[in-house]
Amino acid sequence: MSIKILTVDDSKTIRLIVARALKPFDCAVLEAENGVVGLAVASREKPDIIILDYTMPVMDGFEFLARLRSDPTLKATPVIMLTAEAGRDTVLRIAKLGVRDYLIKPFKGELLAERVGRIISLNPASSSPEKHKRFDDPISILVVDDKPAIAGQIKTALADTAWKVTSADQPGQALDRCIENAVDIVVASLSLPNDGAYLLFQNLRGFAKTATVPLLGLSVRTAAAEQARAQQTGFASVVTKPIDAAELKSKISRALRLDTLYKYFQQREGALSLRLPSEIHAEVAHEVSKNLESQLSAVVDAGGDKFIIDLNEVLTASIPVIETTASAMKASEKLSLRCAVVGTPELIVQCKVYEDTQSWVFANSYDEAMTLLK
Amino acid sequence: MNERIQYLEELTREAVPRIFRELLSMEVQFEESAPLPDDPTGQIIGSVGFIGDATGIIYLYLSMDFARHITSVMLGIAESEVDGDEMVGDAIGELSNIVVGSVKSRLCDAGQPCTLTIPSVVRGRNLKVEAASNIQRKVIAFRNSHHHLLAELLLKN
């Protein structure tokens, strides 16, 4: 990804629209919320093209352009100007500034991509499916918190993974660390002094190397305002304290789009097995239900006719367990797959009590289930 | 004086449906009158002023429900993914900027040069703008399905 495109706009909405329009192309979109920040990012990153808003507080598009043109290292950078004003005078004024093109808002994303493509060569993003890391791959996590105990808690929560946790107590230190080393994800306390987490977010988005590193916010459960602000800023998610290991792992997995399916689904000997973990959080239930249909279809397409739900790790027949298992059974019935459930003797006893689970066909092991379904 | 506010009304009546169509692929129709957009989720007003030979301000009144829908369409995301009121405020501020920017361009072309102010947004319940004296006022109502949108035009004499 060598093409860099800088969007300078005070409206986050427009920056998002620009980023979305350019997503299908092999380029990094850098963001700046005003002219001052835009100039700093431009002089550091030397973008291939700048998409510039006309009306902005702090430093408007005109002043930005004048300063850009007076910098020998940046003056040749092509600029496309965006403006809500289509009047003759405005258009003439824009033309005199030497911008390569301009677009009147509202504009369609396709039109923006076409105009950018006329000035610089835009190649489609790789058509081969993006290769995502697996949940059990090594991942580098940087925790930014002025309280060292928090980094310790996160290390403990992730001790059973192959993930490496390092820490920084200041946003500046964290930014340097991200630029110097390959950091996969940042977990930053939202209560850092002087809006440190939000500044870190903005700074990371201004460097090509770190522009796509996801951030998770850390917050106490009751701090709804700072959680909403983090979501608005663009944090991937917020993890609440006290830290729940399962929630943290799930949010990191989602932010990095880690492949976790292998943890639940496995196909062998003409059967699909679904293994549920001891506790089913909302994220687990969502991930299983989201992928269930495609997994079942795949086993049918491969000529399989059996579906085994492995509850060996499940200790209690809780409502999420029952709901997830029942919906999986229903989905397999639709595809005429024969289904059996594997569980511990304790779980089998519990399931015999409930009306909804009494009819489940249980086996004590995977092999026994396969024999049952023959 | 009435001609000037009528001209502003004419420009706004043309700009709002066009911008909704081009930006949001959404149809809004002019209607003779409509209630103040409000619902249990609240109300939002986006505004942008213009200063010069023509000086005034245009307010767009929407229910939060409609504003949230517009935000999701603008950003190409599901309504459930619209995070917080700030995202909605930013989108409505930008929508107001585009509408008033379009009106301002036509005013300039018609020999009434003016410059735009930056957009501002107010959220709350039962909000209503009171015009001071020496101001001409006009309210235009639009409708999209069950949603209402009011544009309030204030023009200094």
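Two strands count as paired if DSSP finds at least two bridges between them, and strands (E, at least two residues) and helices (H or I, at least four) are DSSP runs numbered from the N terminus. This is a predicted model, where local features need pLDDT of at least 70, side-chain atom pairs count only at pLDDT 80 or more, and totals for chains, interfaces and linings use all residues. Residues are numbered from 1 along each chain as its sequence is written, chains are lettered from A and ligands numbered from 1 in the order written, and side-chain values use heavy atoms, leaving out hydrogens and water.

**View 1. Five strands of chain A make an open, parallel sheet.**
The order is β7-β6-β8-β9-β10. β7 (164–168) and β10 (237–241) sit at the edges with a single partner strand each, so one side of each has no neighbour in the sheet.

**View 2**
Look for A:Ile141, whose bridge partner in β7 is A:Val165.

**View 3. Helix α10 of chain A lies across β6, β8, β9 and β10.**
Contact here means heavy atoms within 4.5 Å. α10 runs at about 170 degrees to β10.

How values were computed. Axes are lines fitted to C-alpha atoms, for helices over the stretch in contact, and angles run from 0 to 180 degrees between N-to-C directions.
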